[in-house]
Amino acid sequence: MTVQTVAIVGAGTMGNGIAHVFALHGYETTLIDLDEPLLDEARGTIEQNLTRQVEKDAIAPADRADALDRLSFTPDTASGVAVADLVVEAVPEERSLKAEVFGTLDEHAPDEAILASNTSSISITWIGSQTDRPDRVVGMHFFNPVPVMTLVEAVRGQRTSDATYDVVADVADDLGKHPVEVDDYPGFVSNRVLMPMINEAIFCVMEGVAEPDDIDTVMTLGMNHPMGPLTLADFIGLDVCLHILEVLHDELGDDKYRPCPLLRRKVTAGQLGRKTGEGFFEYE
Ligand code: NAD
């Protein structure tokens with residue numbers, strides 16, 4: 001199967017970046033969001049990010065213009081996916097919403113279309129079970145910011161076919177990304193490894209082992225990480241970190257994933273990181 005036409009469902013942080021890279025790499029791309037003002041905002045963000053790439057000589061001005069020509073925007077999911085070869089879903093991380101959206105995609109996307117999810121923590125096998133085409137449901141887990149980060153976890157659900165996996169791995173390659181094959185277990189590889197490290201850094205704060213800044217310095221200077229775990233947690237959002245740890249804890253049943261009480265306390269207090277101006281650090 002050759003993918004030429006894609007639809008991205010959800011135009012938030014991830015969806016607009018995903019639409020950006022598909023359009024830039026020659027795919028006819030439709031970006032869908034129920035929230036029309038947000039669709040306009042997404043268009044503006046994509047235009048700005050493409051301009052930045054031109055200014056940095058990463059792409060030619062004509063590439064920017066061609067990418068924008070290939071992009072369309074709609075609040076109507078049914079018509080937006082009607083001719084898609086591949087749909088990438090990037091709506092918020094809520095099971096009931098994913099189930100509803102995949103029901104709609106299954107009904108309105110062409111029978112042979114592949115339905116991919118950008119979920120960080122929900123089982124691809126479960127998402128596939130919400131459709132009549134579990135063999136054509138797969139995980140395509142991009143990383144933020146999508147135009148910059150080159151990893152894609154290509155996640156095989158229990159019933160994902162080899163043909164489906166091969167198509168999304170090839171497409172990820174074509175986008176200039178590096179696909180890594182991952183089996184469908186909670187947190188895949190990225191969050192299974194990252195979140196316990198972030199959680200342990202938060203335990204270090206709670207137990208007074210060191211100040212947040214110093215904990216991050218240990219990991220940047222000592223381990224050569226580009227960003228310390230607490231800065232990264234603030235960037236991801238402490239509510240998102242808590243949610244993923246809860247999924248790991250519930251679904252793997254091992255207490256090593258129990259979320260740190262200080263993480264819960266910060267989330268309850270609304271100190272969610274960068275997006276609220278305060279997490280482990282303060283932001284303008
Ligand atoms: P977001 O909240 O920024 O954007 C979600 C968008 O989906 C919103 O614009 C919302 O209006 C739209 N939406 C809601 N219901 C919809 C529907 N029924 N149909 C169409 N659009 C709908 O969320 P995000 O951070 O972009 O995350 C999206 C997905 O990507 C989640 O599953 C998340 O776990 C995953 N993810 C996020 C990150 C990250 O760093 N933010 C990284 C990797 C994966």
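User: Let's start with the sheet: how many strands does it have, and in what order?
Analyst: Strands here are DSSP runs of E with at least two residues, helices are runs of H or I with at least four, and both are numbered from the N terminus. Two strands pair if DSSP finds at least two bridges between them. In this predicted model, the sheet is open, with 8 strands in the order E3-E2-E1-E4-E5-E6-E7-E8 and mixed pairing. Its edge strands, pairing on one side only, are E3 (71–74) and E8 (178–183). On average, neighbouring strands are turned by 25° against each other, direction ignored.

User: Before we go on, what are the ground rules for the model?
Analyst: Local features need pLDDT of at least 70 and side-chain atom pairs pLDDT 80 or more, while totals for chains, interfaces and linings use all residues. Numbering runs from 1 along each chain as its sequence is written, and side-chain values use heavy atoms, with hydrogens and water left out.

User: How do E4 and E5 run, parallel or antiparallel?
Analyst: E4 (residues 86–89) and E5 (residues 114–117) run parallel, joined by 4 bridges. For instance, glutamate 89 has serine 117 in E5 as its bridge partner.

User: Which helix packs on the sheet?
Analyst: Contact means heavy atoms within 4.5 Å. Axes are lines fitted to C-alpha atoms, for helices over the stretch in contact, and angles run from 0 to 180 degrees between N-to-C directions. Here H3 (residues 61–70) touches E2 (28–32) and E3, and its direction makes about 35° with that of E3.

User: Now the ligand: what surrounds it?
Analyst: A residue is near a molecule if one of its heavy atoms lies within 4 Å of it. That gives 22 residues, the closest being Met14, Asp33, Glu93, Lys98 and Ser120. H1 (13–24) and H5 (95–108) each supply at least two residues of this shell, and H5 gives the largest share, 3 residues.
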